[in-house]
Amino acid sequence: MRPSRQVTIIASVALILCLASSVLVLRRLDSMRSGATLKEVLLISSPKVLKRLSLGYDGLLADVYWTRTVQYFGGKHYDGGHSYALLAPLLEITTALDPQLIVAYEFGANFLAPKPPNGAGLTEQAIKLTNFGIQNNPQEWHLYYDLGFVYYMDLKDYRRAAEAFAKGAEIPGAHPFLRVLAAQMAQHGGELEMARLLWFTTYQSTGERSVRANAAAHLRALQVDEDVINFERAIEAYHDKMGSLPANLDELKTAGLIKNVPLDPLGNAYKLTADGRVEVVDPDDLPFITKGTPIGYVPPPPRFLPTDH
Amino acid sequence: MSSRVTHIAANTFREAVRDRVLYNLVAFALLMSGAAILVGQISIGIERLVVVNLGLSAVSLFGVVIAIFIGIGLVSKEIEKRTLYTVLSRSVQRWEFIVGKFFGLAGTLVVNTVCMAIGVFAALLYVSHHFQASDGWILVALYFVVLQFLIVTAIALLFSSFSSPLLSAVFAFSLFVIGSFAEDLRGFASMAHGASKWLATGMAYLVPNFSSFNVIGSVAHEQPVALNLIVANTAYAILYAATALCGAVLIFTRRDLK
């Protein structure tokens with residue numbers, strides 16, 4: 001064998017061995033340092049300093065920070081976390097780097113406002129973020145909608161919610177439902193009806209597949225909640241009238257207490273338990289339901305990108 | 001005269017291609033295709049934004065790096081290889097040599113930018129499935145990036161005309177960073193008093209101002225670019241590049257090459 005060929009073979013083998021070994025060592029290092037690398041820390045917490053350091057490439061840096069925010073929230077949310085210490089600072093940096101990044105305000109408010117496990121429970125921060133967004137993008141009606149949404153859903157502050165929806169409705173091109181929402185808030189309309197209108201507006205107005213799917217899941221949950229409330233009222237009336245619980249839900253129809261026996265939004269029949277409660281067949285497939293679950297039911301970890309059907 | 005400048009420019013372009021400068025396009029293509037495919041999976045709602053922001057930032061950064069690292073060697077390499085003496089002995093004026101080198105590298109950067117722009121639009125089509133009228137503003141942002149290259153190339157050539165490649169690279173890169181902070185320098189000048197105010201104001205106008213060329217963020221959000229900004233930026237880039245080029249010519253014509 002020629003010496004040059006020998007060198008080629010030895011170098012090639014050594015290259016592969018060294019590369020494979022370095023990968024193994026790195027994996028070992030990762031396992032040793034997992035605590036340190038995953039520690040919640042923002043090396044540069046000042047949005048102003050970061051904007052300067054970006055050398056004009058602040059748009060790209062904002063995209064990086066937004067992706068980091070999504071990953072941070074998603075990771076914590078999936079693990080059922082209750083503390084989101086970096087969420088607000090990450091969103092502050094993202095929106096300071098790119099004040100026109102509407103998606104960061106819209107999703108950011110939805111990450112921050114809801115109580116755990118659905119969100120971080122930082123309602124005030126969500127309002128602050130959305131107001132910053134409105135300040136920088138006064139013609140974006142979506143932001144007024146998000147603000148009203150937070151005021152209603154998380155604070156039950158009807159007056160401020162009505163104000164936000166009314167202001168949003170004045171913007172050219174705003175969704176027509178904003179006026180209806182403003183009026184309903186002002187009148188303190190029925191809770192289920194109001195929530196349905198809000199989620200329906202979200203479902204109709206978003207172009208994001210995940211938001212649409214989330215709105216659809218909430219609409220399904222509202223349908224279940226409403227059905228279960230109606231069943232429970234009818235069961236109570238049946239008990240008062242007959243002195244016993246119905247053997248099945250069809251008896252409620254026979255007794256003239258309900259017009260028909262609805263199926264749940266997934267097409268399954270509701271179950272009547274021996275103690276007169278109404279449950280869905282599979283609560284895991286109906287996230288966000290507040291009624292119709294078995295006693296002591298613990299919802300599974302959230303699933304990402306549920307299908308929109 | 002003009003044919004001599006054209007010949008030097010063409011040779012500079014050929015040399016840059018021979019130096020495998022355009023290999024950066026492979027890295028760019030990988031970056032764009034990776035971003036276009038991956039971002040939709042790891043982030044929310046910014047697929048188009050990332051393609052525009054990342055694409056234009058990469059075009060700008062790759063170009064600035066090429067402008068600096070090729071620009072600083074344009075004169076020194078010719079001296080080192082002793083080819084400069086052959087060129088200058090053939091009735092080529094020193095200023096023609098400098099101007100030819102400038103246009104050669106600028107041409108290389110324009111070709112490089114055109115190739116990258118095709119990549120940006122291809123990635124945009126992949127994530128958006130269609131083009132829209134506002135995508136035309138991306139071309140304006142790319143034009144501004146090319147104007148930025150003209151200034152950086154002229155600055156690199158200026159330093160290359162009297163300094164070593166290493167120092168030229170340090171000077172040119174430092175000036176690029178300072179130029180990115182030029183508006184802050186002006187803000188500092190407005191707050192200062194007395195001699196420091198004059199010094200800061202003078203510095204702010206002496207260093208190149210790159211911030212006005214940066215419209216990447218606004219075109220990513222589909223916002224239009226004002227026509228007067230296009231005209232003013234064009235005039236500023238031509239004037240500043242011409243200033244640096246004149247400085248390079250002045251230094252190089254007086255330089256003792258023995």
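**Reading a helix pair**

Modeller: Helix 7 of chain A packs against helix 8 of chain A at an angle of about 170°, and their axes are 8 Å apart. That makes the two helices, helix 7 and helix 8 of chain A, roughly antiparallel. This is a predicted model, in which local features need pLDDT of at least 70 and side-chain atom pairs count only at pLDDT 80 or more, while totals for chains, interfaces and linings use all residues. Residues are numbered from 1 along each chain as its sequence is written, and chains are lettered from A and ligands numbered from 1 in the order in which they are written.

Biologist: What describes two packed helices?

Modeller: Two packed helices are described by the angle between their axes and the distance between the axes. Axes are lines fitted to C-alpha atoms, for helices over the stretch in contact, and angles run from 0 to 180 degrees between N-to-C directions. Angles under 35 degrees count as roughly parallel, over 145 as roughly antiparallel, 65 to 115 as roughly perpendicular and the rest as oblique. Helices (H or I, at least four residues) and strands (E, at least two) are DSSP runs, numbered from the N terminus.

Biologist: Which residues make the contact between helix 7 and helix 8 of chain A?

Modeller: Two residues are in contact if their C-beta atoms, placed from the backbone, lie within 7 Å. From helix 7 of chain A the contact includes Trp141(A), Tyr144(A), Tyr145(A) and Gly148(A). From helix 8 of chain A it includes Tyr158(A), Arg160(A), Phe165(A) and Lys167(A). By class, this contact of helix 7 with helix 8 of chain A has ten nonpolar, two polar and two charged residues. Ala, Val, Leu, Ile, Met, Phe, Trp, Tyr, Cys and Pro count as nonpolar, Asp, Glu, Lys and Arg as charged, and the others, Gly among them, as polar.

Biologist: Is Leu55(A) buried or exposed, and is Lys156(A) buried or exposed?

Modeller: A residue is buried if 20 or more other C-beta atoms lie within 10 Å of its own, exposed if 12 or fewer, and partly exposed in between, with C-beta atoms placed from the backbone. Leu55(A) is buried, because 20 other C-beta atoms lie within 10 Å. Lys156(A) has 10 C-beta neighbours inside 10 Å and so counts as exposed.

Biologist: Why is helix 4 of chain A described as largely enclosed by the rest of the structure?

Modeller: Nine of the eleven residues of helix 4 (residues 87–97) of chain A are buried, so this helix is largely enclosed by the rest of the structure. Among those buried residues are Leu87(A), Leu90(A), Glu92(A) and Thr95(A). Their cover includes helix 2 (47–53), helix 3 (58–78), helix 5 (102–112) and helix 6 (123–136) of chain A.

Biologist: How many helices and strands does chain A have, and how spread out is chain A?

Modeller: Chain A has twelve helices and two strands. The radius of gyration of chain A is 26 Å, well over the 19 Å that the globule rule gives for 309 residues, so chain A is more spread out than a compact globule. This radius is taken over C-alpha atoms, and the globule rule is 2.2 Å times the number of residues to the power 0.38. Along the principal axes, the C-alpha atoms of chain A fill a box of roughly 100 × 55 × 30 Å. Buried residues make up 35% of the 309 residues in chain A.

Biologist: Where does Val13(A) lie, and how far apart in space are Val13(A) and Pro47(A)?

Modeller: Val13(A) lies in helix 1 (residues 3–37) of chain A and is exposed, with 10 other C-beta atoms within 10 Å. Val13(A) and Pro47(A) are 34 residues apart in sequence and 48 Å apart in space, C-alpha to C-alpha.

Biologist: How many residues of chain B are in contact with chain A?

Modeller: 19 residues of chain B are in contact with 17 residues of chain A. Helix 3 of chain B gives the most to the side of chain B that touches chain A, with five residues. By class, that side of chain B has ten nonpolar, nine polar and no charged residues.
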